[in-house]
Structure formats: C-alpha cells, structure tokens
Amino acid sequence: MSKTCIIGNGCAGKTTLGKKLSQDLSLPFFEMDEKLKFLKTTPFPTRQQIRHFSRELNKLLDKDKWVIEGWGYKETYEERFKKADIIIFLDVPFQVCLERCHKRLGSTNLEILKRGVTKLNIFDKHVRPLLLKLIQKYKNEPKKIILEIDQDFKYEDILRQINMNTVPINKKSEYQTII
C-alpha cells in the first residue's frame with residue numbers, strides 16, 4: 001500500500017495528516033494546493049485548464065509511491081480514487097472547519113475570510129456529496145482501503161487500520177478485513 005489520497009474540506013487537517021503519514025510511511029508527499037496551484041488561476045476554469053491540471057496531476061499519480069492531499073477540480077476525483085490504494089476522507093463537520101478557518105485566517109482581512117468561508121461552503125454543499133458517491137462506488141473494491149474519519153480521529157488508529165489492511169464499514173469503527 002503505497003498510494004494514499006487524502007481529501008476533505010478546507011481546514012479539515014489534510015496537510016497535517018498527509019505530512020505525518022508521508023514521514024512515518026517513508027512516502028513522498030504532494031500538497032495539491034502547493035504543487036499545482038500555478039494551474040488554478042481562475043474560479044471558473046475552462047475545459048482546457050482542467051485538462052492541463054489533470055495531466056499534471058496524473059504525472060504525480062503515475063509515480064510508484066505517494067501521499068497526495070487536496071481537492072482540486074471535481075473532474076480529477078475519480079482518477080485519484082482509481083489510482084489510490086488508500087483513500088482517506090476527512091469528513092469533518094462544516095462548523096469545525098469554519099472555526100479552524102477563522103483561527104487560520106484571522107479576522108483582520110474580511111475579504112480573505114469571506115473567500116475562505118465561501119470555499120468551505122462549496123465543499124460542503126457540492127464536493128462532499130460527490131465524494132460520498134465515489135466512496136460508495138469504490139468501497140467494495142479489493143485491496144483498497146477507504147477510511148471515513150471525523151475530527152476526533154486518532155493518528156495511531158489510522159496507522160493501525162492501514163497496517164492491518166482493514167476497511168471501516170462506517171464511522172463507528174466496525175471493520176471488514178480485506179482478503
């Protein structure tokens with residue numbers, strides 16, 4: 001298991017978790033916001049921009065090992081789900097992400113804060129439902145680990161689940177062993 005995709009709303013903990021997993025599992029870490037931000041120049045991208053972003057993302061996904069986090073364009077979710085061995089969905093409640101956003105961005109620049117809150121809303125209303133459908137589609141795929149985690153997760157539990165080759169059936173920590 002060497003390809004891990006971490007996805008979730010802004011301020012859900014994707015980067016923190018990704019860096020820690022990368023370090024502990026000795027895998028290269030790619031932060032999509034940082035690595036591919038030069039490709040996201042407009043809030044309403046053209047098909048050409050999305051194709052270019054997808055090509056660059058696939059260069060990362062075609063590597064042998066990785067931990068990649070971020071959400072990027074919805075047109076790229078399926079490819080990440082296909083190529084990942086482990087999919088971690090940080091399903092942190094909107095209100096928790098909002099509180100973390102306020103802490104991260106502060107309240108001095110209201111325009112920046114407004115953009116942050118708008119992004120959180122977009123994820124919650126439009127991206128999250130797409131991800132839940134993809135999770136349903138891939139949850140029974142052999143040799144794929146899918147973890148849906150809320151804000152109370154313990155890092156050690158994630159490592160244990162990955163190392164035990166188990167798939168949570170739901171957030172209540174009932175597990176199904178992968179054969």
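**Entry 1: Lys-83**

I listed the contacts of Lys-83 (contact means heavy atoms within 4.5 Å). Setting aside neighbours within four places in sequence, Lys-83 touches Lys-3, Asn-58, Leu-61, Asp-62 and Trp-66. The model is predicted: local features need pLDDT of at least 70, side-chain atom pairs count only at pLDDT 80 or more, and totals for chains, interfaces and linings use all residues. Residues are numbered from 1 along each chain as its sequence is written, and side-chain values use heavy atoms, with hydrogens and water left out.

I then checked the C-alpha distance from Lys-83 to Leu-61: 6.8 Å, for a separation of 22 residues in sequence. Lys-83 belongs to helix α4, residues 77-83. Helices (H or I, at least four residues) and strands (E, at least two) are DSSP runs, numbered from the N terminus.

**Entry 2: α5 and α6**

I looked up how helix α5 (residues 94-105) packs with helix α6 (residues 110-138): the angle is about 155° and the axes are 10 Å apart. Axes are lines fitted to C-alpha atoms, for helices over the stretch in contact, and angles run from 0 to 180 degrees between N-to-C directions. The two helices, α5 and α6, are therefore roughly antiparallel (angles over 145 degrees count as such).

I noted the residues that meet. From α5 they are Phe-94, Cys-97, Leu-98, Cys-101, His-102 and Leu-105, and from α6 Ile-112, Leu-113, Gly-116, Val-117, Leu-120, Asn-121 and Asp-124. I sorted this contact of α5 with α6 by class and got nine nonpolar, three polar and one charged residues. Ala, Val, Leu, Ile, Met, Phe, Trp, Tyr, Cys and Pro count as nonpolar, Asp, Glu, Lys and Arg as charged, and the others, Gly among them, as polar.

**Entry 3: the sheet**

I traced an open sheet of five strands, ordered β2-β3-β1-β4-β5, with parallel pairing; two strands pair if DSSP finds at least two bridges between them. β2 (29-31) and β5 (145-149) are at the edges with a single partner strand each, so one side of each has no neighbour in the sheet. The twist averages 15° from one strand to the next.

β4 (residues 86-90) pairs with β5 over five bridges, in the parallel sense. I found Ile-146 in β5 as the bridge partner of Ile-87. Helix α7 (residues 155-163) lies across β4 and β5, at about 160° to β5.

Definitions and conventions: Parallel < 35°, antiparallel > 145°, perpendicular 65-115°, else oblique.
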